[in-house]
Amino acid sequence: FVNTWDRIGELRVEVQKALEIARKDKVIGSSLEACVTLHCDGELYDFVASVKDDLKDVFIVSQVELEKSGTGEFVAENINGLTVGISRANGKKCERCWSYSDTVGKNSKNENICSRCAAILNE
C-alpha cells in the first residue's frame, strides 16, 4: 500500500512539472483547467490504470486520460517510459467544485454544477 502511494507521489511530481510548463506557455491558467494525458505502456500502464480514478484529485486537475500510444510534450525525468501531455479540459467550469466537466449544464435543478456535485447535493 505504501509503495502504491510512493509511486503515485512520483507521478504527481512529474505531472506538476508538466503543469508548470503548460502554465508558463499559457496553455492553462490554473491546474483545474487542465486535462492531463499520461502516455506509457507495460507495467507502468497497468499501474496507472489501477489508480487512474484517484489521479485527478491527486494532481488537482479536472481530467486525466491514459494512453498506450502516442507521446506527450513533456518527457518524465524520473519515470522511464512516461510522457505527459497537458491540454485544456473539456466542458464548463462547475460553480461548486471549480472542475471542468462535460456534465455541467445537464442537471435540470442546477445547470451550473457538474453531475458529481449534483449527486452530493441531492443526498
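Helix H2 lies across strands E1 and E2 and runs at about 165° to E2. Such angles are taken between N-to-C directions, from 0 to 180 degrees, with axes as lines fitted to C-alpha atoms, for helices over the stretch in contact; contact means heavy atoms within 4.5 Å. Helices (H or I, at least four residues) and strands (E, at least two) are DSSP runs, numbered from the N terminus.

The model is predicted: local features need pLDDT of at least 70, side-chain atom pairs count only at pLDDT 80 or more, and totals for chains, interfaces and linings use all residues. Residues are numbered from 1 along each chain as its sequence is written, and side-chain values use heavy atoms, with hydrogens and water left out.

## Overall make-up

The secondary structure of the chain comes to three helices and six strands. In sequence order the pattern is α-β-α-β-β-β-β-β-α. The C-alpha trace spans about 45 × 35 × 25 Å along its principal axes.

Of the 123 residues in the chain, 41% are buried. Buried means under 20% relative accessible area, exposed means over 50%, and partly exposed lies in between (1.4 Å probe, protein chains only). Among contacts with a separation of 6 or more, 60% are between residues 24 or more positions apart.

## The four-stranded sheet

Four strands form an open sheet in the order E2-E1-E4-E3, with mixed pairing. Its edge strands are E2 and E3, each of which pairs on one side only. Two strands are taken to pair if DSSP finds at least two bridges between them. Strands of a sheet pair through backbone hydrogen bonds, either parallel or antiparallel.

Strand E1 (residues 34-39) is joined to E4 (residues 83-88) by six bridges, and the two run antiparallel. Within this pairing, Cys-35 has Ser-87 as its bridge partner in E4, and Thr-37 has Gly-85. Five bridges join E1 to E2 (residues 63-67), and these two strands run parallel. In E2, Glu-67 stands opposite His-39. From E1 the chain passes through helix H2 (residues 42-59) to E2, in a right-handed β-α-β crossover. Right-handed here means that, with the strands pointing away from the viewer, the path from the first strand over the helix to the second runs clockwise.

## Burial of strand E1

Strand E1 is mostly covered, with six of its six residues buried. Ala-34, Val-36 and Leu-38 point one way from E1, while Cys-35, Thr-37 and His-39 point the other way, and all are buried.

## Salt bridges

The structure holds five salt bridges, each defined as a side-chain nitrogen of Lys or Arg within 4 Å of a carboxyl oxygen of Asp or Glu. One of them pairs Lys-17 with Glu-77, the closest N and O atoms being 3.0 Å apart. Lys-17 lies in helix H1 (residues 2-24) and Glu-77 in the loop between strand E3 (74-75) and E4, so this pair ties together parts that are 60 residues apart in sequence. Lys-17 is partly exposed at 25% relative accessibility, whereas Glu-77 is exposed at 55%.

Another salt bridge joins Glu-33 to Arg-88, with 2.8 Å between the closest N and O atoms. Because Glu-33 lies in the loop between H1 and E1 and Arg-88 in strand E4, the pair ties together parts that are 55 residues apart in sequence. Glu-33 is buried, with a relative accessible area of 17%, and Arg-88 is partly exposed at 46%. Elsewhere, salt bridges that share partners join Glu-14, Lys-17 and Glu-77 into one network.

## Further residues of helix H1

The side chains of Glu-20 and Arg-23 also meet in a salt bridge (2.2 Å, N to O). Both residues lie in helix H1, three residues apart, about one turn of the helix. Glu-20 is partly exposed, with a relative accessible area of 39%, and Arg-23 is partly exposed at 25%.

Lys-24 is also placed in helix H1 and is exposed, with a relative accessible area of 67%. Lys-24 and Ser-101 are 77 residues apart in sequence, and their C-alpha atoms are 23 Å apart in space.
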